[in-house]
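Me: I have just opened this one and would like a walk through it. Could we go piece by piece?

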Amino acid sequence: MWASNVMKAQPKTLQLSMDSPGVLSITLNRPAAFNALSMEMLRDLHTVFDALQHPTSMLDALPADFPRVVILSGAGRAFCGGVDIKAADQGIGGSAWDYKDMRSQQLLSRLIEKMRAAPQPIVCAVQGAAAGGGFALAMACDVRVATRGARFSAAFVRLGLTGTDMGTSYFLWRQAGLGVAAEMLLTGRQLAAERAYQARHGRLGLVNELVEEPAGLAAAAGKLAQEMLACSRLGLQLTKEQLNSVADGGSLRAALVAENSHQMLLVNNAEASQAAQAWMRSLISKSGGKGRGGGAGGGPQSKL
(Lines give C-alpha, C1' and ligand atoms only; values in the text may rest on other atoms or scores of the structure.)
Protein backbone atom coordinates (compact mmCIF):
# COMPACT_ATOMS: atom_id res chain seq x y z
CA MET A 1 0.00 0.00 0.00
CA TRP A 2 1.05 3.61 -0.57
CA ALA A 3 1.32 4.66 3.07
CA SER A 4 3.39 1.68 4.21
CA ASN A 5 5.82 2.17 1.32
CA VAL A 6 6.30 5.85 2.11
CA MET A 7 6.50 5.37 5.88
CA LYS A 8 9.09 2.65 5.31
CA ALA A 9 11.56 5.32 4.22
CA GLN A 10 11.46 6.71 7.81
CA PRO A 11 12.53 10.28 7.03
CA LYS A 12 14.71 11.48 9.90
CA THR A 13 13.60 15.10 9.77
CA LEU A 14 9.86 14.59 9.24
CA GLN A 15 7.02 12.88 11.06
CA LEU A 16 4.52 11.29 8.69
CA SER A 17 1.13 10.00 9.75
CA MET A 18 -2.27 9.15 8.30
CA ASP A 19 -4.36 9.29 11.46
CA SER A 20 -7.41 10.17 9.36
CA PRO A 21 -8.12 8.18 6.16
CA GLY A 22 -7.16 10.21 3.11
CA VAL A 23 -5.22 12.86 5.06
CA LEU A 24 -1.41 12.79 5.16
CA SER A 25 0.11 14.84 7.98
CA ILE A 26 3.68 16.01 7.39
CA THR A 27 5.37 17.50 10.46
CA LEU A 28 8.72 19.26 10.15
CA ASN A 29 10.65 17.62 12.99
CA ARG A 30 13.76 19.57 13.98
CA PRO A 31 12.23 21.45 16.92
CA ALA A 32 15.58 22.21 18.58
CA ALA A 33 16.55 24.12 15.42
CA PHE A 34 13.08 25.71 15.00
CA ASN A 35 12.52 23.22 12.14
CA ALA A 36 15.03 25.06 9.97
CA LEU A 37 15.67 23.50 6.57
CA SER A 38 18.75 21.28 6.57
CA MET A 39 19.85 19.35 3.50
CA GLU A 40 18.34 16.22 5.06
CA MET A 41 14.97 17.89 5.57
CA LEU A 42 15.04 19.29 2.06
CA ARG A 43 15.73 15.84 0.62
CA ASP A 44 13.03 14.27 2.81
CA LEU A 45 10.46 16.83 1.64
CA HIS A 46 11.38 16.23 -1.99
CA THR A 47 10.97 12.47 -1.47
CA VAL A 48 7.52 12.85 0.07
CA PHE A 49 6.22 15.33 -2.53
CA ASP A 50 7.57 13.14 -5.33
CA ALA A 51 5.54 10.26 -3.87
CA LEU A 52 2.41 12.45 -3.73
CA GLN A 53 2.35 12.93 -7.52
CA HIS A 54 0.02 10.64 -9.42
CA PRO A 55 1.99 7.70 -10.85
CA THR A 56 0.70 8.17 -14.40
CA SER A 57 -2.48 10.19 -14.84
CA MET A 58 -5.28 11.58 -12.71
CA LEU A 59 -7.76 9.11 -14.21
CA ASP A 60 -5.85 5.94 -13.32
CA ALA A 61 -6.81 3.84 -10.31
CA LEU A 62 -4.83 4.79 -7.22
CA PRO A 63 -4.00 2.86 -4.05
CA ALA A 64 -6.87 2.95 -1.58
CA ASP A 65 -4.75 4.85 0.96
CA PHE A 66 -3.36 7.41 -1.51
CA PRO A 67 -3.68 10.83 0.22
CA ARG A 68 -6.33 13.26 -0.96
CA VAL A 69 -5.40 16.13 1.38
CA VAL A 70 -2.08 17.08 3.02
CA ILE A 71 -1.52 18.95 6.31
CA LEU A 72 1.92 20.54 6.74
CA SER A 73 2.96 21.62 10.25
CA GLY A 74 6.01 22.06 12.46
CA ALA A 75 6.95 20.41 15.77
CA GLY A 76 7.67 22.52 18.84
CA ARG A 77 7.45 26.29 19.15
CA ALA A 78 7.92 27.28 15.50
CA PHE A 79 6.68 26.26 12.09
CA CYS A 80 10.00 26.76 10.28
CA GLY A 81 12.85 29.22 10.83
CA GLY A 82 14.12 29.13 7.24
CA VAL A 83 17.30 27.62 5.82
CA ASP A 84 19.64 26.36 8.53
CA ILE A 85 22.85 28.26 7.70
CA LYS A 86 24.79 26.65 10.54
CA ALA A 87 23.85 23.18 9.38
CA ALA A 88 24.75 24.14 5.83
CA ASP A 89 28.18 25.45 6.86
CA GLN A 90 29.10 22.88 9.48
CA GLY A 91 26.90 19.86 8.85
CA ILE A 92 25.19 20.19 12.24
CA GLY A 93 22.64 17.41 12.51
CA GLY A 94 23.55 16.10 9.06
CA SER A 95 25.67 16.82 6.01
CA ALA A 96 27.15 20.21 5.18
CA TRP A 97 26.03 21.78 1.91
CA ASP A 98 26.90 24.85 -0.09
CA TYR A 99 23.85 27.09 0.01
CA LYS A 100 25.76 29.56 -2.20
CA ASP A 101 25.73 27.07 -5.07
CA MET A 102 23.01 27.53 -7.74
CA ARG A 103 22.20 23.82 -7.53
CA SER A 104 21.27 24.22 -3.86
CA GLN A 105 19.14 27.25 -4.70
CA GLN A 106 17.35 25.26 -7.39
CA LEU A 107 16.74 22.40 -4.94
CA LEU A 108 14.93 24.87 -2.69
CA SER A 109 12.87 26.41 -5.47
CA ARG A 110 11.93 23.06 -7.03
CA LEU A 111 10.36 22.00 -3.75
CA ILE A 112 7.97 24.94 -4.08
CA GLU A 113 7.12 23.83 -7.63
CA LYS A 114 6.42 20.28 -6.43
CA MET A 115 4.11 21.56 -3.70
CA ARG A 116 2.10 23.55 -6.22
CA ALA A 117 2.04 20.61 -8.65
CA ALA A 118 0.85 18.16 -5.97
CA PRO A 119 -2.73 17.09 -6.79
CA GLN A 120 -3.70 17.30 -3.11
CA PRO A 121 -4.77 20.56 -1.45
CA ILE A 122 -2.22 21.45 1.24
CA VAL A 123 -3.35 22.92 4.56
CA CYS A 124 -0.56 24.68 6.48
CA ALA A 125 -0.71 24.92 10.29
CA VAL A 126 1.56 27.69 11.60
CA GLN A 127 2.64 28.42 15.16
CA GLY A 128 5.52 30.70 16.13
CA ALA A 129 7.85 31.77 13.34
CA ALA A 130 7.43 31.08 9.63
CA ALA A 131 10.57 32.84 8.46
CA GLY A 132 12.51 32.94 5.20
CA GLY A 133 12.23 29.53 3.57
CA GLY A 134 9.58 28.61 6.15
CA PHE A 135 7.53 31.60 5.05
CA ALA A 136 7.86 30.41 1.45
CA LEU A 137 6.68 26.91 2.42
CA ALA A 138 3.61 28.37 4.15
CA MET A 139 2.72 30.52 1.13
CA ALA A 140 3.11 27.58 -1.26
CA CYS A 141 0.32 25.78 0.62
CA ASP A 142 -3.29 26.30 -0.46
CA VAL A 143 -4.73 27.51 2.85
CA ARG A 144 -3.18 28.51 6.16
CA VAL A 145 -4.41 28.32 9.76
CA ALA A 146 -2.30 30.03 12.40
CA THR A 147 -2.14 30.70 16.10
CA ARG A 148 -2.53 34.26 17.30
CA GLY A 149 1.17 34.26 18.22
CA ALA A 150 2.37 33.20 14.76
CA ARG A 151 4.48 35.60 12.74
CA PHE A 152 5.63 35.66 9.13
CA SER A 153 8.79 37.23 7.74
CA ALA A 154 11.12 37.21 4.74
CA ALA A 155 14.22 39.02 5.95
CA PHE A 156 16.41 38.14 2.96
CA VAL A 157 16.92 41.82 2.16
CA ARG A 158 18.44 42.41 5.62
CA LEU A 159 21.15 39.90 4.74
CA GLY A 160 22.17 41.93 1.71
CA LEU A 161 20.17 39.68 -0.62
CA THR A 162 17.13 40.33 -2.76
CA GLY A 163 14.01 40.32 -0.64
CA THR A 164 12.44 37.67 -2.87
CA ASP A 165 13.23 33.96 -2.76
CA MET A 166 11.52 30.57 -3.18
CA GLY A 167 8.45 32.10 -4.83
CA THR A 168 7.85 34.99 -2.41
CA SER A 169 7.65 37.51 -5.26
CA TYR A 170 4.95 35.34 -6.86
CA PHE A 171 2.82 34.40 -3.84
CA LEU A 172 2.96 37.31 -1.44
CA TRP A 173 1.40 40.07 -3.51
CA ARG A 174 -1.34 37.70 -4.66
CA GLN A 175 -2.19 36.69 -1.10
CA ALA A 176 -1.64 39.96 0.76
CA GLY A 177 -1.63 42.73 -1.86
CA LEU A 178 1.21 44.59 -3.56
CA GLY A 179 1.59 47.20 -0.83
CA VAL A 180 2.03 44.67 1.98
CA ALA A 181 4.33 42.57 -0.20
CA ALA A 182 6.53 45.61 -0.86
CA GLU A 183 6.52 46.52 2.85
CA MET A 184 7.60 43.04 3.96
CA LEU A 185 10.08 42.28 1.21
CA LEU A 186 11.73 45.73 1.08
CA THR A 187 12.16 46.03 4.87
CA GLY A 188 12.28 42.48 6.19
CA ARG A 189 9.51 43.35 8.66
CA GLN A 190 7.53 40.65 10.43
CA LEU A 191 3.82 40.27 9.79
CA ALA A 192 1.82 39.28 12.86
CA ALA A 193 -0.85 36.60 12.43
CA GLU A 194 -3.53 38.99 13.67
CA ARG A 195 -2.83 41.39 10.81
CA ALA A 196 -2.43 38.60 8.27
CA TYR A 197 -5.88 37.28 9.20
CA GLN A 198 -7.61 40.63 8.73
CA ALA A 199 -8.14 39.87 5.05
CA ARG A 200 -11.38 38.20 6.09
CA HIS A 201 -12.59 41.74 6.72
CA GLY A 202 -11.41 43.13 3.40
CA ARG A 203 -7.74 43.65 4.03
CA LEU A 204 -4.96 41.04 3.75
CA GLY A 205 -5.39 37.34 2.92
CA LEU A 206 -2.43 35.36 4.14
CA VAL A 207 -4.14 33.52 7.03
CA ASN A 208 -7.51 31.84 6.47
CA GLU A 209 -8.26 31.00 10.09
CA LEU A 210 -6.87 32.20 13.42
CA VAL A 211 -6.87 30.07 16.58
CA GLU A 212 -6.11 31.28 20.08
CA GLU A 213 -3.71 28.60 21.28
CA PRO A 214 -1.33 26.06 19.66
CA ALA A 215 -3.45 23.27 21.16
CA GLY A 216 -6.29 24.18 18.79
CA LEU A 217 -4.15 24.30 15.65
CA ALA A 218 -4.32 20.61 14.70
CA ALA A 219 -8.11 20.54 15.16
CA ALA A 220 -8.59 23.61 12.93
CA ALA A 221 -6.37 22.16 10.20
CA GLY A 222 -8.08 18.78 10.50
CA LYS A 223 -11.53 20.34 10.17
CA LEU A 224 -10.53 22.03 6.91
CA ALA A 225 -9.07 18.75 5.65
CA GLN A 226 -12.27 16.85 6.48
CA GLU A 227 -14.40 19.39 4.61
CA MET A 228 -12.14 18.91 1.58
CA LEU A 229 -12.39 15.12 1.90
CA ALA A 230 -16.18 15.39 1.54
CA CYS A 231 -15.55 16.43 -2.08
CA SER A 232 -14.53 14.10 -4.90
CA ARG A 233 -10.85 13.46 -5.53
CA LEU A 234 -11.00 14.78 -9.08
CA GLY A 235 -13.05 17.76 -8.00
CA LEU A 236 -10.37 18.77 -5.49
CA GLN A 237 -7.54 18.20 -7.92
CA LEU A 238 -9.08 20.13 -10.80
CA THR A 239 -10.08 23.00 -8.52
CA LYS A 240 -6.50 23.38 -7.28
CA GLU A 241 -5.22 23.09 -10.83
CA GLN A 242 -7.58 25.82 -12.03
CA LEU A 243 -6.76 28.16 -9.14
CA ASN A 244 -3.07 27.77 -10.00
CA SER A 245 -3.81 28.50 -13.64
CA VAL A 246 -5.75 31.68 -12.85
CA ALA A 247 -3.06 32.84 -10.43
CA ASP A 248 -0.56 32.51 -13.27
CA GLY A 249 -2.39 35.29 -15.08
CA GLY A 250 -4.75 33.57 -17.48
CA SER A 251 -7.55 35.54 -19.13
CA LEU A 252 -11.22 35.31 -18.17
CA ARG A 253 -11.91 33.49 -21.43
CA ALA A 254 -9.20 30.91 -20.73
CA ALA A 255 -10.57 30.41 -17.21
CA LEU A 256 -14.12 29.88 -18.51
CA VAL A 257 -12.99 27.36 -21.13
CA ALA A 258 -11.04 25.36 -18.54
CA GLU A 259 -13.91 25.51 -16.03
CA ASN A 260 -16.38 24.28 -18.65
CA SER A 261 -14.14 21.33 -19.55
CA HIS A 262 -13.60 20.41 -15.90
CA GLN A 263 -17.30 20.55 -15.07
CA MET A 264 -18.22 18.32 -18.01
CA LEU A 265 -15.54 15.85 -16.99
CA LEU A 266 -16.85 15.69 -13.42
CA VAL A 267 -20.57 15.73 -14.11
CA ASN A 268 -20.01 12.40 -15.88
CA ASN A 269 -17.70 11.00 -13.20
CA ALA A 270 -19.07 8.35 -10.82
CA GLU A 271 -17.09 9.49 -7.78
CA ALA A 272 -18.18 13.10 -8.25
CA SER A 273 -21.79 11.96 -8.59
CA GLN A 274 -21.55 10.02 -5.32
CA ALA A 275 -20.13 13.08 -3.54
CA ALA A 276 -22.97 15.25 -4.89
CA GLN A 277 -25.61 12.74 -3.78
CA ALA A 278 -24.08 12.53 -0.28
CA TRP A 279 -24.11 16.33 -0.03
CA MET A 280 -27.73 16.49 -1.15
CA ARG A 281 -28.71 13.85 1.43
CA SER A 282 -27.03 15.91 4.15
CA LEU A 283 -28.99 19.01 3.05
CA ILE A 284 -32.26 17.09 3.18
CA SER A 285 -31.35 15.70 6.60
CA LYS A 286 -30.56 19.18 7.96
CA SER A 287 -33.85 20.52 6.63
CA GLY A 288 -35.78 17.94 8.65
CA GLY A 289 -36.29 15.52 5.77
CA LYS A 290 -38.03 18.01 3.51
CA GLY A 291 -36.78 17.97 -0.06
CA ARG A 292 -35.17 21.17 -1.23
CA GLY A 293 -34.15 22.22 -4.72
CA GLY A 294 -30.44 22.51 -3.98
CA GLY A 295 -27.47 22.02 -6.23
CA ALA A 296 -23.69 22.18 -6.50
CA GLY A 297 -23.57 25.96 -6.29
CA GLY A 298 -24.47 25.93 -2.60
CA GLY A 299 -27.90 27.62 -2.46
CA PRO A 300 -31.46 26.31 -2.63
CA GLN A 301 -32.00 27.64 -6.16
CA SER A 302 -28.56 26.98 -7.60
CA LYS A 303 -28.04 24.49 -10.43
CA LEU A 304 -25.34 21.98 -11.31
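This is a predicted model: local features need pLDDT of at least 70, side-chain atom pairs count only at pLDDT 80 or more; totals for chains, interfaces and linings use all residues.

Me: OK, strand 4 then, what else does it pair with?

Reply: Strand 4, residues 122-126, pairs with strand 3 in the parallel sense over three bridges, and Ile122 in strand 4 stands opposite Val70. Strand 3 in turn pairs with strand 2 (residues 23-28), also in the parallel sense, over six bridges, and in that pairing Leu24 stands opposite Val70 in strand 3.

Me: Is strand 3 buried or exposed?

Reply: Six of the six residues of strand 3 (residues 69-74) are buried, so this strand is largely enclosed by the rest of the structure. Val69, Ile71 and Ser73 point one way from the strand, while Val70, Leu72 and Gly74 point the other way, and all of them are buried.

Me: Switching topic, which strands make up the open sheet?

Reply: The open sheet of three strands has the order 5-7-8, and its pairing is mixed. Strand 5 (129-131) and strand 8 (190-192) are the edge strands, each pairing on one side only, and the twist from one strand to the next averages 20°. Strand 5 and strand 7 (residues 151-153) run parallel and are joined by three bridges, with Ala129 opposite Arg151 in strand 7.

Me: Which helix packs on that sheet?

Reply: Helix 5 packs on the sheet, where it touches strand 5 and strand 7, and its direction makes about 95° with that of strand 5.

Me: What about helix 7, which residues are buried there?

Reply: In helix 7, residues 178-187, the buried residues include Val180, Ala181, Met184 and Leu185. Seen down the helix axis, the buried residues of helix 7 fall within an arc of 115°, so they line one face of the helix. On the other side of helix 7, Leu178, Gly179 and Leu186 are exposed.

Me: Why would residues three or four places apart point the same way?

Reply: An α-helix has 3.6 residues a turn, so residues three or four places apart point the same way.

Me: So what do the buried ones in helix 7 pack against?

Reply: The buried residues of helix 7 pack against helix 5, strand 7, helix 6 (168-176), strand 8 and helix 8 (193-197). After the helix comes Gly188, which has a positive phi, near 80°.

Me: Which residues touch the most other members of the largest nonpolar core?

Reply: That core has 55 residues, and Ile26, Phe79, Met115 and Phe152 touch the most other members. Its largest share, six residues, comes from helix 5 (residues 133-140). There is also a second, separate core of 16 residues, which includes Val143, Leu217, Met228 and Leu229.

Me: Now the loops. Where is Ser38, and what does it touch?

Reply: Ser38 is in the loop between strand 2 and helix 2 (39-51), and it is buried, with a relative accessible area of 1%. Not counting residues up to four places away in sequence, Ser38 touches Thr13, Arg30, Asp84, Ala87 and Trp97.

Me: And His54, where is that one?

Reply: His54 is in the loop between helix 2 and strand 3, and at 14% relative accessibility it counts as buried, the cut-off being under 20%. Leaving aside neighbours within four places in sequence, His54 is in contact with Leu62, Phe66, Pro119, Arg233 and Gln237. The C-alpha atoms of His54 and Pro119 are separated by 7.5 Å, although the two are 65 residues apart along the chain.

Me: Last one, how many helices and strands does the protein chain have?

Reply: The protein chain has twelve helices and nine strands, and buried residues make up 45% of its 304 residues.

How values were computed:
Residues are numbered from 1 along each chain as its sequence is written. Side-chain values use heavy atoms; hydrogens and water are left out. Buried means under 20% relative accessible area, exposed over 50%, partly exposed in between (1.4 Å probe, protein chains only). Helices (H or I, at least four residues) and strands (E, at least two) are DSSP runs, numbered from the N terminus. Two strands pair if DSSP finds at least two bridges between them. A nonpolar core is a set of buried Ala, Val, Leu, Ile, Met, Phe, Trp, Tyr and Cys residues joined through side-chain atoms within 4.5 Å. Contact means heavy atoms within 4.5 Å. Axes are lines fitted to C-alpha atoms, for helices over the stretch in contact, and angles run from 0 to 180 degrees between N-to-C directions. The arc is that of the directions from the helix axis to the C-beta atoms.
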